Amino acid sequence: MPLHNRQSSIEMLELLGVVKENGNEQQSFPPVHTPLSYDYVLVAKTINNQERETFRKQTEYIEELKKKNFKVTKIIDDNLVFYGIQAPKEIFEKYRYLLKVSDACNWSSDQSAVSLSTRIRIVHFILGHTKIRSGENLRELIKMKVFETKFCLHEKKKQRELKAGWARWTACLQGQPITAVRNYFGEKVALYFLWLGWYTFLLIPPAIIGIIIFLYGISYYKHSPLLNEVCNSNTTMCPLCDKGCEEWQLNDTCIYTKVTLLFDNEGTVFFAMFMAIWATLFLEFWKRHRATYVCEWKVSDWSEEEEELILELVNDVNCEPKKFKHSYWTSSLIFICVTIMILVIISLTSAVVVFRVIAADFLAKYKLKSLSSHSNIPVMVLGGFLHYFIITIMTRVNWIVARKLCDMEEIRSFASTEKSFTVKMFTFQFFTYFTSLFYAAFILGRINGRPGNYVKIAGRWRLEECHPTGCLTDLFIQMTIIMVLKQTISNVFEFTGPWLCRLWKGKRTQKLQRKCAHCYLKDDSDTKDGDELCENCKLRDWLSNYRLNDVDSFSLFREFLEMVIQFSFTTLFVAAFPLAPLLAFINNVIEIRLDAIKMVTLERRMVPKKTNNIGVWLDILEAIGVLAVIVNGLVIGVSSDFIPRLVYRYHYGPCAQGTAAPDTDCMVGYINNTLSVAPMIYVNDSYKYSENIPPGEEPFYCSYKDYRSKDDYSHTHQFWIILAARFAFVILFEHVVVICKFIAAWFIPSAPMEVKNCRLSDKLKRLKEELQSFEA
């Protein structure tokens, strides 16, 4: 479509630098032609013994393809056999006709011509659904080592164009040629990069605000009376364990207090509200941009399941439809299995809690002065690394379990299977990543008990306590470690893995002579029907693709999963980690080019898939947006000391009665106000808690963080006021933010009016054409 007919949404994306389109990209595809390098390639190991079962099945499968009038070219290279597969034109003509009579797919732009990406998709489907007499399909034959692998081929010319304008590191700050990506990799990959580009661009405002909040935290703690109160305190705190631990001084944790006040201040409340509304705006604007592009691509009403029916008919005219199946027994069994798996994940990630408790007790008991301050930062760091290790192991386990559960369901179509797998895998990963963080945010330091009656693991190790300035730093440290490690290590392996694999395969395979001049000319010019490369150049092309890293149906799923988990980190606990959007933005700028370079130059060509949305991922993102409101409200209201400080400022502090001097800071005395005391007596060379002090003995009092009476350890009146204020804030915060989210969602239509009008005009034009054909 010419540039001047473009939708304003695309022009806005170009202006913002998210995309970089070519006005000629939307023109119709070239007519059906025979590609130089075939539609698909199968690879097998050379078998000298023709009596072997493997050779028989390999030959039988090739014969089945020939019965369907497929052209198969066999080239042998040492211990490898390459089969070049080329489908007949009749298949594509049949596909075009079925598109025309389809209920949902008849508005597709493929109706006038079949692009190479569409050819690949059709051939891929037929190859996967062609069976030999014993009933095995290609996937099962590959598992049986009858064939080693299968892949579609990169187009050298298009590959060079994408590499020059997109898949290179120097293009990090440039827009993406989304339409060119769509023409080469299909709509599914193009929508992923469009979504990722829009997500990355919209991370700029929260990244800037997060930096401002961080700088505000620096200026806040420098002038905060709370910092002076801790650093200049002579308060003696209660021991961290019951046996072998000594009391400690509050001023030993001055550095820890500085870190805490960086993130636990009034600015984080505003930031949490902003991020909850930001998530809604991001998704609503994404829906508009998606609608614009799918309208341009003529796939607005596309149905993936209906296309599978068309492809089944193209493959076999006598095929029977796959029946929808549902079993309450199977559904109940899967639900039970998912529940058990979630409980197992929670149990394993609880190992981080147990490790921290034991490590903190060890450091305190053995008096490692350089490590045993109450802040226990080394314990938090080690716990974060252990959590990342558990995430790495459980990711593999979660993948296997999710696949097995999907196999149990016997779902009718691949689209439904992918949706079911996505929901299960994301659920498992969510619990794997966030169980430990939810503990640090909402449980840590709140169920540990009191002096003389502490809650213990196995009756031996006391649960961790919060620092007098709050527990938010524990959450911040864990999130920092997981986000930095996950993004850094995954990106390194994501790039070096395929690169080393290609290098290794290149060393193991024989180098062929350079492409002949005649084939070079063919490669750089428009091909004609019947054009082919010579056998040596075909083999050279096939070998270069064979050496690339393999891809499968879930390759794009892995990229989406990684980004959606990152989106969860960026929105859920942003109140504890305002720098998360900045880290996400830096990672995504690299991730876009990393994925582009990997897909274009380091991996085999992904089978182009047609779609008009990002599937169930949109539902997951909307669920995360709602959960972000709840979690951030709880983090501020329950985890942080924002509410206790407000209560102290207006009810218990020096400014509460209005009689304080004009230069008095209203927060003076807050730390001491949050501490309770417990009596201890000296027994056998150490202090022990004692509620009954012997007559005539002078007890020693230590302090601990809580609002309890000195006499009977009952909660004070201030405790209940703070608890009521916490709940009131959470309810108010969530209602205000949810109302703002609904207003934002209502105010922004999911599709621009010009897109709706364009679709309406296009449908009317097509109906008129059909009516004219009928009357003629």
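I began with Phe421 and Phe557, and I found both of them buried, where buried means under 20% relative accessible area, exposed over 50% and partly exposed in between (1.4 Å probe, protein chains only). I noted that this is a predicted model, in which local features need pLDDT of at least 70, side-chain atom pairs count only at pLDDT 80 or more, and totals for chains, interfaces and linings use all residues. I also noted that residues are numbered from 1 along each chain as its sequence is written, and that side-chain values use heavy atoms, with hydrogens and water left out.

Next I looked up disulfides, meaning pairs of cysteine sulfur atoms within 2.5 Å, and the search of the whole structure gave three.

I looked at Cys231 and Cys254, whose sulfur atoms are 1.8 Å apart in a disulfide; the torsion about their S-S bond is about 80°, so this disulfide is right-handed. Cys231 is partly exposed, at a relative accessible area of 22%, whereas Cys254 is buried at 18%.

I then turned to Cys238, which a disulfide joins to Cys702 with an S to S distance of 2.0 Å; this link is right-handed, with 90° about the S-S bond, and both Cys238 and Cys702 are buried.

I finished the disulfides with Cys655 and Cys666, whose sulfur atoms lie 2.0 Å apart, and whose S-S torsion is about -95°, so the disulfide is left-handed. Cys655 counts as partly exposed at 23% relative accessibility, while Cys666 is buried, with a relative accessible area of 18%.
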